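Colleague: I am new to this structure. Please show it to me, and then let us talk it through.

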Amino acid sequence: MSTNSEEEATDIMMMMCCASCGTAQVDDIILKTCTACKSVRYCGVECQKEHRPQHKRACKKRAAELREEILFKQPESCHLGDCPICCLPLPLDFLSILMPCCCTVICDGCDYANQIRELKEKL
């Protein structure tokens, strides 16, 4: 029966040797990481081509997970907070507008929309 620490140790060992032939990474042998999934390493192009049929399905799955992670990562909120109208983070470059009527800071997009509304309604 294997534990999580044994599985983690096995995963680390897998990252330190070629996924196809098992050659360990040493000073004179530098392993190259799979560019798509970044979870396996190979000692050369031949080993990568040989191991591709076994690795293809897991590689595509992990690569999709990495893409989703990057795409759906929420941006850090700035110290100015979010626009109270559209809830988008306020930019740090002072393109935000302070509304004199209520002393609320809004983003340029909402200010522009407000200006268009005022023009249409002739306020």
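Colleague: In which helix do Glu-121 and Arg-117 both lie?

Modeller: First, the ground rules: this is a predicted model, where local features need pLDDT of at least 70, side-chain atom pairs count only at pLDDT 80 or more, and totals for chains, interfaces and linings use all residues. Residues are numbered from 1 along each chain as its sequence is written, and side-chain values use heavy atoms, with hydrogens and water left out. Helices are DSSP runs of H or I with at least four residues, strands are runs of E with at least two, and both are numbered from the N terminus. Glu-121 and Arg-117 sit four residues apart, about one turn, and the helix they share is α3.

Colleague: How far apart are the closest N and O atoms of Glu-121 and Arg-117?

Modeller: The two form a salt bridge. That term means a side-chain nitrogen of Lys or Arg within 4 Å of a carboxyl oxygen of Asp or Glu. Here the closest N and O atoms are separated by 3.2 Å.

Colleague: Which residue's side chain does the side chain of Asn-114 contact?

Modeller: Asn-114 is also found in helix α3, residues 108-121. A polar contact is a pair of N or O atoms within 3.5 Å; within protein, one must be able to donate a hydrogen and the other to accept it, and residues adjacent in sequence count only if both atoms are side-chain atoms. At 2.7 Å, the partner is Arg-117.

Colleague: Is Asn-114 buried or exposed?

Modeller: Buried means under 20% relative accessible area, exposed over 50%, and partly exposed in between, with a 1.4 Å probe and protein chains only. Asn-114 has 17% relative accessibility, so it counts as buried.

Colleague: How many salt bridges does a search of the whole structure find?

Modeller: One joins Glu-121 and Arg-117. Another joins the side chains of Arg-62 and Glu-65, at 3.3 Å from N to O. Because Arg-62 and Glu-65 are three residues apart in helix α2, about one helical turn separates them. The search of the whole structure gives a total of two.

Colleague: What is phi of Lys-38 near?

Modeller: Lys-38 is found in the loop between β1 (32-33) and β2 (41-42). Most residues other than glycine have a negative phi. Lys-38 has a positive value, near 60 degrees.

Colleague: Where does Cys-87 lie?

Modeller: Cys-87 is exposed, with a relative accessible area of 54%. Its phi is positive too, near 65 degrees. Cys-87 lies in the loop between α2 (45-71) and β3 (97-99).
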